[in-house]
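Here are my notes on the model you sent over. Have it open while you read, and go through the points in order.

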Amino acid sequence: MIEQVAIAFEHKDYQTAAKLLKQLQKESPENPWVQYYLARLDEVSQKREDAEKIYRQLLRDTRNAKIVTLARQGLRRLQEIELEERQRAISQAKSEPNNTELGVLILEPLSTEMKTEASRKFAQIMQLDPYTARLILPSRGWRLYRTGQVGELKFYGKQLQQAGIPCFWATMAQIQQIQVYQVKHFQASTPQATVVCRNEVNQLGSLTFDWSEVTARVVGLLPIFEQVVDVDARRKLEWKTQTQDYAQFCDLHISGRRSILRLYDNGYEFQQGLKIIPQASQNTIRINWNSLSSWIDQQLPQVKIWSDFTSFADTTLDQTEMLSHIKSHIDLLRREQTNWDSAFHLYSGLVFVK
């Protein structure tokens, strides 16, 4: 009867093949040839997951060289079909309006107990081996996983979300549309807050807002690099770039106005405006900044603080081409170009658009 099944498949008479296999399955359910043709029937019936399962089981359990070869060919066909459909779907996604814009795909952290199953699904979706997939999935903080046309990123992102892997995507245009104001000092705090600030073209003015308008607070440290003289292994003097200090930043998001109020320790005028910090002129900048941060805490007790910038930056700093498209809105005196400033603005912008 197996020969009749084979003939039915040759003539693409799948209805006859199905009837014959139904009978054979009752008589010889463990027969590897029966299992192989059941997989073929699943394959032509678009039940690819079922077909793949049987093909893999045959590779694992049977020693018949002919069936092993046929099972491998079946798996290869399934992979080629999946790849072709994926490429077609990506091309379609890219062709839709606005989907050619440059964007980023961000992976969100997973608990350790969820990682085993998630890494298996991640590997399947992104065509990776499970070990590499597990290393990529973050346990703490966001990971910038991929850059490119947002249509393709959205395609992968939706598949990952459906598999229970938390992620999101955004375009560079969304980040660039956010207005950024450099806060010089607070002028008032009640009944509304007023800041003296500079806009993107460096015009000095003021902005008044309700504390309830602040939807998020982003804090981070940006390294300050200096050239220093060091002694190498041969006891020769050499110049090295080292981190000498850190600048502290705090962004207040006012999403209703699509605006960010940006404060940083060396740019804030502690002795001007609202008297927040006693003896500001006698304190160090670090003490003044810590006091200002505590005061802001009191004004925004319910607002979430995003503080995982450093771990995010570790996954982002080598993306020089993508970061070059981001205006940082950070005015630190830099002797050399660095990606840290653009990375912080990207991190804050992603919090904003998410």
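**Notes on the model**

1. Let's start with Thr315: its side chain makes a polar contact with the side chain of Thr316, at 3.4 Å. A polar contact here is a pair of N or O atoms within 3.5 Å; within protein, one must be able to donate a hydrogen and the other to accept it, and residues adjacent in sequence count only if both atoms are side-chain atoms.

2. Before going on, a word on what you're looking at: this is a predicted model, where local features need pLDDT of at least 70, side-chain atom pairs count only at pLDDT 80 or more, and totals for chains, interfaces and linings use all residues. Residues are numbered from 1 along each chain as its sequence is written, and side-chain values use heavy atoms, with hydrogens and water left out.

3. Back to Thr315, which sits in the loop between H11 and H12. Helices (H or I, at least four residues) and strands (E, at least two) are DSSP runs, numbered from the N terminus. Thr315 counts as buried because its relative accessible area is 16%, and buried means under 20% (exposed is over 50%, partly exposed in between; 1.4 Å probe, protein chains only). A polar atom of the Thr315 side chain also lies 3.0 Å from the backbone nitrogen of Leu144. Leaving aside neighbours within four places in sequence, Thr315 is in contact (heavy atoms within 4.5 Å) with Trp142, Arg143 and Leu144.

4. Trp142 turns up again in the largest nonpolar core, which has 31 residues; Trp142, Leu346 and Leu350 have the most contacts inside it. By nonpolar core I mean a set of buried Ala, Val, Leu, Ile, Met, Phe, Trp, Tyr and Cys residues joined through side-chain atoms within 4.5 Å. H13 gives the most to this core, 7 residues. Beyond its neighbours within four places in sequence, Leu350 is in contact with residues including Val104, Trp142, Phe168 and Phe312.

5. Now have a look at H3 (residues 32-44). H3 is mostly covered, with 10 of its 13 residues buried; among them are Tyr36, Tyr37, Arg40 and Asp42.

6. What caps the N-terminal end of H3? Asn31 does, with a side-chain oxygen 2.8 Å from the backbone nitrogen of Trp33. Just after H3, Gln46 takes a positive phi of about 70°.
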